[in-house]
Amino acid sequence: MSNGMLKVEGSRIVDADGRAVVLRGTALGGWMLMENFMNGFPGRECQIRAALLEVLGQEKYEYFFDKFLEYFFTEKDAQFLASLGFNCLRLPLNYHHFEDDMNPMVIKEEGFKHVDRVIELCAKYNIYTIIDLHAAPGGQNQDWHCDNPTGYPAFWDHKHFQDRVVNLWEVIAARYRSNTWVAGYNLLNEPADKQWTRLLAFYDRIIPAVRAIDPNHILFLEGNTFSMDFSGFDKVFPNSVYAVHDYCGFGFPNRIGRYVGEKDQDIYIRKMYDRKVEFMKKHDVPIWNGEFGPIYEKESNPDWKVQNEERYNMLDKQMEIYTSEGIAWSIWAYKDINIMGMVFVNPDSAWMKLLGPILEKKRVMAVDSWAYDDAHLQEGLFGPLHKWFEDNIPEKHSKKYPWQWRMNMHVFRGIRGITLAEYLIPEWAEYFRCKSFQELDELAASWKFENCVGRERLNETLRLYSSMKSDDERLVGKVIQPVELTNGQKEGVFELSPIEKARIKATVSEVRVAA
C-alpha cells in the first residue's frame with residue numbers, strides 16, 4: 001500500500017501523511033522509446049520499425065516487439081531496483097504506441113498493455129513510476145531521442161501536433177488519476193523551442209487540460225533546450241516539480257577532456273548544476289534531475305579501465321552535490337548494450353552475436369550522435385570538413401539553435417546521425433530476415449534481466465547514494481561548493497568548459513600578437 005497520492009509542499013515532495021519522499025531511481029530508456037546507441041541500430045525507432053516490418057512481415061513483427069517489451073522489464077528487474085534502494089522508475093514513452101499518424105486523435109488501447117504491467121510490477125516493490133512522453137508527434141526537439149528522423153522539430157510549428165499531445169495526456173490522466181503509485185506526469189521530455197514563447201504557451205495550455213481531468217498528480221515540467229535552460233520561465237505551476245538534465249561532458253569521449261579532479265573541472269561541474277537549478281531555488285520548488293550519467297568504455301579500448309575510473313570519479317562528484325542538496329534524481333539509464341546502462345545485454349547473447357558486425361561498423365563510422373568516438377575520423381575526413389564550414393560561414397551566421405551545439409556538432413548530426421544512418425538502416429534490418437518465431441523470441445530474450453550483466457561499480461555507487469541524507473557525515477569535505485560570481489560576472493546561458501576557455505584565450509592571444 002502506498003501512503004496516498006504524492007504532492008508538492010514547498011521545495012519537497014511529500015506523501016498523504018506529509019512525510020518527505022525523495023524520488024531516486026532510473027529510467028527505462030530503450031524500452032517503449034528505443035534509441036540507436038542503447039539498442040544497437042542506426043537512425044530512429046520509427047525507421048527501424050518500418051524496416052523490420054518489411055523484412056519480417058506483420059505477424060513476426062508484432063510477435064517480436066511484443067516479446068521485446070515483455071522481456072525488457074519483468075519482476076526480476078523490479079526486484080533488482082528495489083534491492084538498490086530505488087523508489088522511482090521513469091517510463092519514457094513514444095507516442096507511436098498510442099496513436100497512428102494516419103489515424104490521429106484515435107488512441108490505441110493496446111499501447112497501454114506493457115505500461116500497465118510495469119506500473120503494477122513496480123508498485124508491488126514500493127517503486128513509484130513517472131510517466132514520461134519522450135517522443136511527441138512532429139518531434140519536440142531536433143534529435144533521435146524523440147524519434148525525429150529529420151532534425152526539424154515540427155511540433156512547435158504545427159498546432160495539430162500539439163492538439164494530439166493534449167489529447168493523449170487527457171487519456172493518460174483519465175487512466176491513472178486514481179493510481180497512487182504513479183508519482184506524476186512528465187509532460188514533455190527535453191523540449192527545444194528556439195523562440196521560447198511556444199513552449200511557455202504550450203505549458204499554459206496543456207496543464208489546465210490535464211488538471212481538469214486529474215487535479216492531484218504531480219506534473220514534472222522540463223526546461224527549454226533539452227531541459228537545461230530555465231531562463232525564460234517567470235512563474236511556477238501549483239503541485240509541479242521542475243526537471244533538469246545534468247549531463248557533463250567529462251563523461252563522454254573526446255568532448256571537453258578527461259576528468260582528473262582539477263579545481264577548474266570541479267568548478268565547471270558545480271556551476272553547470274547551479275545555473276540549471278537557479279529557477280527552482282528562487283521559487284522554492286522541488287528539483288528533479290531527470291537525466292544524467294556518463295558513457296562507459298569497453299575492453300576494446302586499451303585504456304578502458306582508467307577512463308571508466310575517471311568517469312566514475314566524475315559521477316561521484318555529481319552525486320555528492322545532488323545528495324548534499326537533497327534532490328530527487330533519475331539516472332539514465334537502466335538497460336542497454338553496454339553504453340550507459342546499470343545492466344547491459346550479455347556479449348554472448350543472441351542479440352549481440354547477431355548484430356555484432358553492424359555494431360562494429362556503426363562504431364567505426366561514428367554514426368550515432370551520442371555515444372560516439374570519432375577521433376579516428378578527424379584528421380582525414382571530418383576535421384577538414386568542419387574547417388571548410390568554418391572558413392565559408394561568416395562568424396555572425398555561425399551560431400545555430402540549439403546554441404550550445406558548436407558548428408561541428410550540427411554538421412555531423414546531419415551528415416552521420418541522419419543521412420548516413422538512413423543508408424545503414426536497410427542493412428541492419430537484413431540481419432533479421434528469415435528468422436523463425438523461436439529465433440525472434442531468443443533475440444528478444446537477450447534483454448531479460450537474467451541474461452544481462454550488471455555494471456557492479458555503478459550499481460554500488462547508486463546503492464550508496466539512493467538513501468543517503470544531505471547531512472550524512474560521509475559527505476563532509478567532499479562536496480564541491482558553489483562558486484560566488486563577483487562584479488556581475490556571467491558566462492551566458494551555457495557554461496564554457498575549462499578546455500574551451502583555454503582555446504578562446506589562446507585564440508585571443510594569437511589575434512593580439514598578429515595585430
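A crossing of two helices is called left-handed if the near helix is turned anticlockwise from the far one by less than a right angle, and right-handed if clockwise. Helices (H or I, at least four residues) and strands (E, at least two) are DSSP runs, numbered from the N terminus. The structure is a predicted model, in which local features need pLDDT of at least 70 and side-chain atom pairs count only at pLDDT 80 or more, while totals for chains, interfaces and linings use all residues. Residues are numbered from 1 along each chain as its sequence is written, and side-chain values use heavy atoms, with hydrogens and water left out.

The description starts with helix α12 (residues 375–392) and helix α13 (residues 407–430). α12 passes α13 in a right-handed crossing. The two pack at an angle of about 120 degrees, and their axes are 10 Å apart; axes here are lines fitted to C-alpha atoms, for helices over the stretch in contact, and angles run from 0 to 180 degrees between N-to-C directions. The angle makes α12 oblique to α13, given that angles under 35 degrees count as roughly parallel, over 145 as roughly antiparallel, 65 to 115 as roughly perpendicular and the rest as oblique. On the α12 side the contact (heavy atoms within 4.5 Å) is made by F382, L385, H386, F389 and E390, and on the α13 side by M407, N408, V411, F412, I415 and R416. These residues divide into 7 nonpolar, 2 polar and 2 charged, where Ala, Val, Leu, Ile, Met, Phe, Trp, Tyr, Cys and Pro count as nonpolar, Asp, Glu, Lys and Arg as charged, and the others, Gly among them, as polar.

The loop between α12 and α13 contains P402. The peptide bond from Y401 to P402 is cis, with omega near -5 degrees. A cis peptide bond also joins W332 and A333, with omega about 0 degrees; A333 is placed in the loop between β10 (328–331) and β11 (335–336).

C434 sits in the loop between α13 and α14 (437–445), and has a positive phi of about 65 degrees although it is not a glycine. With a relative accessibility of 69%, C434 counts as exposed; the cut-offs are under 20% relative accessible area for buried, over 50% for exposed, and partly exposed in between (1.4 Å probe, protein chains only).

The next helix pair is α6 (residues 159–176) and α7 (residues 197–213). Their axes come within 9 Å and cross at roughly 25 degrees, and α6 and α7 are therefore roughly parallel to each other. This crossing is right-handed. From α6, K159, Q162, D163, V165, V166, W169, E170, A173 and A174 meet F202, R205, I206, A209, V210 and I213 of α7. The contact residues divide into 10 nonpolar, 1 polar and 4 charged.

A pair of aromatic rings is described by the distance of the centres and the angle of the planes. Rings of Phe, Tyr and Trp (its six-membered ring) pair if their centres lie within 6.5 Å; planes under 30 degrees apart count as stacked, over 60 as edge-to-face and the rest as tilted. The structure holds 48 aromatic pairs. In one of them, F155 and F202 have ring centres 5.2 Å apart and planes at 85 degrees, so the pair is edge-to-face. The pair links distant parts of the chain, 47 residues apart: F155 is in the loop between β5 (128–135) and α6, and F202 is in helix α7. F155 and F202 are both buried. Elsewhere, F41, Y61, F64, F65, F68, F72, W351, W428, F432 and W447 form one aromatic cluster.

The loop between β5 and α6 also holds N141, which is buried with a relative accessible area of 0%. N141 and A154 are 13 residues apart in sequence and 8.3 Å apart in space, C-alpha to C-alpha. Leaving aside neighbours within four places in sequence, N141 is in contact with C146, N148, P153, N189, E190, A192 and F226.

E190 has a positive phi of about 40 degrees although it is not a glycine, and at 6% relative accessibility E190 counts as buried.
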